[in-house]
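Please keep the sequence and the model at hand while reading.

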Amino acid sequence: MTRLDRYFLPTEKQPPSDAEAISHKLMVRAGLIRQVGSGLWSWLPAGWRVHQRIVQIVREEMDRIGGQEMLMPVLHPAEPWRRTGRIAIDELFKLQDRKGADMVLAMTHEEIVTLHAAQSVRSYRDLQKILYHFQVKERDEPRPRAGVLRTREFIMKDAYTFDRDQAGLDENYAKHITAYDRMLERCGLEWYRVESDVGMMGGTGAHEYMAPCAAGENEVALAPGYAASVEIASATPQPVDLPPPLDEPELVPTPGLTTVEEVARSLGVPDGAVLKAYPIMAVDRGLILVLVRGDHRVNEIKLRNQLKEDFRPAREDEIAERIGPPGFIGPVGVDVPILLDEAVGDGGYITGANRPDHHLRGVEPGRHFPFERADVRRVEEGDTLAGHPIRIETAIEVGNIFKLGTRYSEPLGATYLDEKGQTQAIVMGSYGIGPARIAAAAVEQFADERGISWPRAIAPWDVELVGLGRYGTEERALAERLYEELQATGLEIVYDDRDAGPGEKFADAELLGVPLRLTVGKRTIASGELEVQIRRGQETRSVPLEGAAPAVAELWRTLP
RNA sequence: CGGGGCGUGGCGCAGCCUGGUAGCGCACUCGAUUUGGGGUCGAGAGGCCGCCGGUUCGAAUCCGGCCGCCCCGACCA
């Protein structure tokens with residue numbers, strides 16, 4: 001029951017000057033959020049209603065798969081974070097209490113929830129469990145951006161599963177996939193579930209839930225029956241016309257030409273006929289020369305996963321000493337292991353000659369240099385999968401699910417005894433979803449030039465009733481009456497009873513994005529018809545005033 | 001962390017180069033008028049010009065330092 005006359009809904013005509021993302025601009029303009037500091041946001045009453053609606057959907061779906069809601073603190077002793085090694089993460093806020101004890105602010109809750117399991121789980125009979133909570137996360141982000149899309153403090157629903165073995169984890173993981181699919185479907189988002197990198201969390205498998213939109217920070221590779229984060233995606237490369245290999249590589253002068261484009265143009269071959277050399281220094285194996293086609297890029301995440309160890313780009317002095325002059329390096333005749341991307345086929349390639357201002361022509365992998373093969377390139381728009389071209393979309397990550405395995409249970413001593421009396425590590429999974437990002441993604445996906453257009457499931461209200469005319473008029477009395485009748489349908493109604501002009505009320509209603517807008521004015525009385533605007537698409541309809549409330553409720557149920 | 005930019009009433013901006021009275025639009029208050037697309041007229045209130053220091057008779061303006069915020073990139077359990 002909301003009357004705007006007294007509601008804290010500070011709308012703005014102009015967006016913040018420094019805002020770029022649509023959701024940032026509109027959520028501020030519509031009076032949903034306000035900035036407190038870099039990456040720190042308050043949710044104003046209408047915005048919080050959206051957040052709470054999303055939270056409730058998430059809660060219902062978690063409970064449906066047997067999740068048990070609890071609450072863990074934000075402020076933690078540093079000790080468990082030392083044990084898992086995550087104390088070293090730069091994004092982790094660290095502080096001391098008045099006694100000088102080291103503390104951290106939780107960026108997620110694996111450590112604490114695992115400690116609880118370690119304390120209380122004794123036997124295989126105590127498993128499995130799904131525990132979750134909605135709690136604030138604190139992350140010292142290097143660069144907060146785009147309103148609530150990337151913040152230093154946010155609420156996340158994080159769930160943790162505890163199982164006796166991989167099969168149990170797989171089962172719980174599958175349950176979370178169904179729960180997450182349902183959550184996003186119910187929220188009305190356009191979304192994809194994509195395979196993803198396991199990242200710093202370690203583990204044995206992961207998916208991300210992605211909502212495509214312009215302000216997204218992630219990229220998703222899509223093809224019929226395929227969806228993967230670009231971080232790990234693989235595809236069939238576009239073919240390239242290659243000159244034949246030569247018996248012996250031919251030295252060609254390329255003075256000052258250090259980029260693939262320059263070399264290819266100068267020699268009259270496509271970019272893909274040049275081999276791009278990417279020297280890296282791996283932690284264990286040392287210097288390695290990675291080669292990809294000139295029209296491709298190295299994907300560092302795939303490369304790291306292939307190497308199974310960390311690496312950094314080699315320094316110029318390391319390159320000059322072991323390989324050749326930077327800008328003209330290549331695989332022929334060097335004493336460095338070579339990792340050749342799978343997209344490099346048979347034919348005569350152009351490579352650096354390892355001497356200044358020269359390249360080699362007609363170089364064939366295998367014949368002229370030894371190599372180890374691996375898929376380490378970033379997929380590109382136009383690559384194919386089973387004959388279908390892939391497309392790449394930007395998206396924001398709204399949720400993710402991980403098979404953790406024993407990454408946390410081992411260091412924190414979360415074990416159980418099996419039937420044979422053997423001590424076993426608990427097998428865990430973790431599952432996160434961010435209501436704020438879901439809200440922002442919905443704004444991004446459905447906004448138009450007039451403002452926000454909420455999916456009905458997460459709108460701050462179901463119906464906005466605009467009362468025109470001055471206080472005390474007949475039309476206002478009608479609006480009041482209608483307000484009461486609408487309440488009775490069970491819908492959540494916001495009533496614009498402010499003493500403001502019609503233009504301002506219409507503009508604010510469309511900015512706020514409630515799915516249905518009802519207008520009550522003199523015309524309504526004269527015609528006996530109530531005007532209903534469907535926010536998405538701005539289609540206008542009339543319903544008879546008599547029985548209007550149930551008719552509106554019926555219409556509302558048909559909306560996306 | 002690298003690059004770029006910005007801090008002036010609540011919001012959006014001008015003024016700064018070339019030192020001297022802080023200004024505009026919207027919002028706000030009061031009165032009148034207006035009520036189906038941000039209407040009109042009149043009268044008002046509101047500003048440590050981010051902070052500290054320096055130069056100067058005088059600093060929003062010039063110089064130095066600091067802080068904050070944004071954008072691009074790197075990074076992102």
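This is a predicted model: local features need pLDDT of at least 70, side-chain atom pairs count only at pLDDT 80 or more; totals for chains, interfaces and linings use all residues.

Residues are numbered from 1 along each chain as its sequence is written, chains are lettered from A and ligands numbered from 1 in the order in which they are written, and side-chain values use heavy atoms, with hydrogens and water left out.

**Overall architecture**

- Chain A contains 14 helices and 32 strands; these are DSSP runs numbered from the N terminus, with helices (H or I) of at least four residues and strands (E) of at least two.
- The C-alpha trace of chain A spans about 95 × 65 × 50 Å along its principal axes.
- Of the 560 residues in chain A, 53% are buried; buried means under 20% relative accessible area, exposed means over 50%, and partly exposed lies in between, with a 1.4 Å probe and protein chains only.

**Domains**

- Chain A is assigned domain 1 (16–73 + 107–233 + 393–443), domain 2 (250–374) and domain 3 (463–557), with bounds that come from an automatic or database domain assignment.
- The centres of domain 1 and domain 3, taken over C-alpha atoms, are 38 Å apart.

**Helix H1 and its surroundings**

- Helix H1 covers residues 22–29, and its buried residues are Ser23, His24, Leu26, Met27 and Val28.
- These buried residues pack against strand S2 (33–37), strand S3 (40–43), helix H10 (435–446) and helix H12 (502–512).
- H1 and H10 pack at an angle of about 100°, with axes 8 Å apart; axes are lines fitted to C-alpha atoms, for helices over the stretch in contact, and angles run from 0 to 180 degrees between N-to-C directions.
- H1 is therefore roughly perpendicular to H10, given that angles of 65 to 115 degrees count as roughly perpendicular, under 35 as roughly parallel, over 145 as roughly antiparallel and the rest as oblique.
- In this contact, Ile22, Ser23, Leu26 and Met27 of H1 meet Ala439, Ala440, Val443 and Glu444 of H10.
- By class, the contact of H1 with H10 has six nonpolar, one polar and one charged residues; Ala, Val, Leu, Ile, Met, Phe, Trp, Tyr, Cys and Pro count as nonpolar, Asp, Glu, Lys and Arg as charged, and the others, Gly among them, as polar.
- Just after H1, Gly31 adopts a positive phi of about 80°.

**Helices H2 and H5**

- Helix H2 (residues 45–64) packs with helix H5 (residues 166–187) at an angle of about 150°, and their axes are 9 Å apart.
- The two helices, H2 and H5, are therefore roughly antiparallel to each other.
- On the H2 side, Ile54, Ile57, Val58, Glu60, Glu61, Met62 and Arg64 take part, and they meet His176, Ala179, Tyr180, Arg182, Met183, Arg186 and Cys187 in H5.
- Eight nonpolar, one polar and five charged residues make up the contact of H2 with H5.

**Two strand residues**

- Thr351 belongs to strand S19 (residues 349–352) and is buried, with a relative accessible area of 1%.
- Not counting residues up to four places away in sequence, Thr351 touches Leu275, Gly330, Pro331, Val332, His359, Leu360 and Val363.
- Leu417, in strand S25 (residues 415–417), is partly exposed at 39% relative accessibility.
- Leu417 and Arg125 lie 292 residues apart in sequence and 8.9 Å apart in space, C-alpha to C-alpha.
- Leu417 touches Arg122, Ser123, Tyr124, Gln422 and Thr423, again leaving out residues up to four places away in sequence.

**Backbone features**

- Most residues other than glycine have a negative phi, and most peptide bonds are trans.
- Leu127 and Gln128 are joined by a cis peptide bond, with omega about 0°; Gln128 lies in the loop between helix H4 (110–120) and strand S8 (129–138).
- Ala146 has a positive phi near 55°, sits in the loop between S8 and strand S9 (153–163), and is buried at 14% relative accessible area.
- Gln538 also has a positive phi, about 55°; Gln538 lies in the loop between strand S31 (529–534) and strand S32 (539–544) and is partly exposed at 22%.

Key. Contact means heavy atoms within 4.5 Å.
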